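Hi,

Here is the structure I said I'd pass on.

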Amino acid sequence: MSVSRIVFTPLNYVGWGSLEQLIPEVERFSPKKILVVTDPVLEKIGLVQRVIRPLTEQGYDVYVYSDVVPEPPLEIGEKLVSFTRQGRFDMVIGVGGGSAMDLAKLAAVLAVHEGPAADYLNLTGTKKVHKKGLPKILIPTTSGTGSEVTNISVLSLDTTKDVVTHDYLLADVAIVDPELTVSVPPRVTAATGIDALTHAVEAYVSVNASPTTDGLALQAIRLIARSLRKAVENGNDKQARIDMSNGSYLAGLAFFNAGVAGVHALAYPLGGQFHIPHGESNAVLLPYVMGYIRKSCAKRMADILNALGGNSSYLSEEEDSYRCVEELERIVRDVGIPRTLGGFHIPETALERLTQDAVKQKRLLARSPLPLLEDDIRAIYRAAFDGVVAEPR
Ligand SMILES: NC(=O)c1ccc[n+]([C@@H]2O[C@H](COP(=O)([O-])OP(=O)(O)OC[C@H]3O[C@@H](n4cnc5c(N)ncnc54)[C@H](O)[C@@H]3O)[C@@H](O)[C@H]2O)c1
Ligand SMILES: [Fe+2]
């Protein structure tokens, strides 16, 4: 019998208008000096002001740090950590997509540790996080990463990505208000939505999946399949935004506990080497990775096909796993993300380096239902370059 270790964020508010819970939650911690971590776009469009105005009106001392960039490089994380240590803040609020929330967590935790953030990286670091850090509230403005409920902070390195991860990086409070996502432009809606879908799909087929994460993942897939296209077509579609917020949140809870695997392992080098946004890197690889591994998890792929609302054969799991890959391909195409590496101007000569970097993501690869070795990874990148799903192994 296997035992699943399940961890959730202690308190989550999810729903249209849930931002109203911010003040009472901040009050619980009685902070004297609050750091808000965000990005310049959110400041420019007035979203950050909307979040912090009630705080300043209540007399809180709030400092806005808005130098976060998408797919934040380690150096930006280092700068923010130094700034947080010097600023003597006693609470951190992350407002934004995964990029801002990831840095908010990192800053809150490393504020009470010593040495550079690089020392705490999973692949190359030598130190371990051992203290909880400052209280933190995370408020997503995209429906994608699920970072508001995970214990991971992702940082971009020269050619790939690495993470700082510990349960102390979990938010004290997550506030998931779909109203904050209405302004997300279509291409970002598409990419972040496929990221969330990938979290749910990879969690469902993960070797660490459990009945708890299965329920979360399948419901996430249902909500995303029903509403992602609508949210991309019309950002003001309230029900579609609500579904996507719930879907990405549920997918976050699922993958944080079951793990993501091959799609993310192969996507990280695309982000690192070619600066492709995280969701788009996942989107372009999703059908090719799932097509390659589908025989190792055919029953589960058949379940995913059902959750996607796809056309089940009701005859053969093998046939349905194939149909599932087709359905995933269709969603990626419908939301307008390029379907081959060539669509991102990645040359054939890059495939070997991508392979060598993906091989290093052992933590992720270990959760694939089909063990993915170097030759498998090479074959999947080749398939994504050629635009033809490879024969499953
Ligand atoms: N911690 C985790 O568990 C986890 C999981 C998956 C991905 N990630 C990481 O998260 C990062 C990606 O996060 P993301 O996909 O949310 O994108 P992002 O945070 O990089 O944001 C993408 C763009 O959308 C803009 N944006 C965000 N919200 C907006 C809004 N409401 N209106 C208008 N524009 C808005 C941002 O300003 C930015 O330009 C990557 O670094 C990725 O590796 C983390
Ligand atoms: Fe992701």
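Of the 393 residues in the protein chain, 56% count as buried. Bear in mind that this is a predicted model. The chain has 15 helices and 8 strands. Its radius of gyration is 20 Å, close to the 21 Å that the globule rule gives for 393 residues, so the chain is as compact as a globular protein of that length. As for contacts with a separation of 6 or more, 77% of them come from residues 24 or more positions apart.

Now the domains. Where they meet, 26 residues of domain 1 are in contact with 31 residues of domain 2. The domain 1 side of that contact has 8 nonpolar, 14 polar and 4 charged residues.

One helix I went through in detail is α9, which covers residues 262-274. From first C-alpha to last, α9 reaches 19 Å, close to the 18 Å expected at 1.5 Å a residue. Among the buried ones are His 264, Tyr 268 and Pro 269, along with several glycines: Gly 262, Gly 271 and Gly 272. Just after α9, His 275 takes a positive phi of about 55°.

Cheers

Note on methods:
Residues are numbered from 1 along each chain as its sequence is written. Chains are lettered from A and ligands numbered from 1 in the order in which they are written. This is a predicted model: local features need pLDDT of at least 70, side-chain atom pairs count only at pLDDT 80 or more; totals for chains, interfaces and linings use all residues. Two residues are in contact if their C-beta atoms, placed from the backbone, lie within 7 Å. Ala, Val, Leu, Ile, Met, Phe, Trp, Tyr, Cys and Pro count as nonpolar, Asp, Glu, Lys and Arg as charged, and the others, Gly among them, as polar. Helices (H or I, at least four residues) and strands (E, at least two) are DSSP runs, numbered from the N terminus. The expected span of a helix is 1.5 Å times one less than its number of residues. A residue is buried if 20 or more other C-beta atoms lie within 10 Å of its own, exposed if 12 or fewer, and partly exposed in between; C-beta atoms are placed from the backbone. The radius of gyration is taken over C-alpha atoms; the globule rule is 2.2 Å times the number of residues to the power 0.38.
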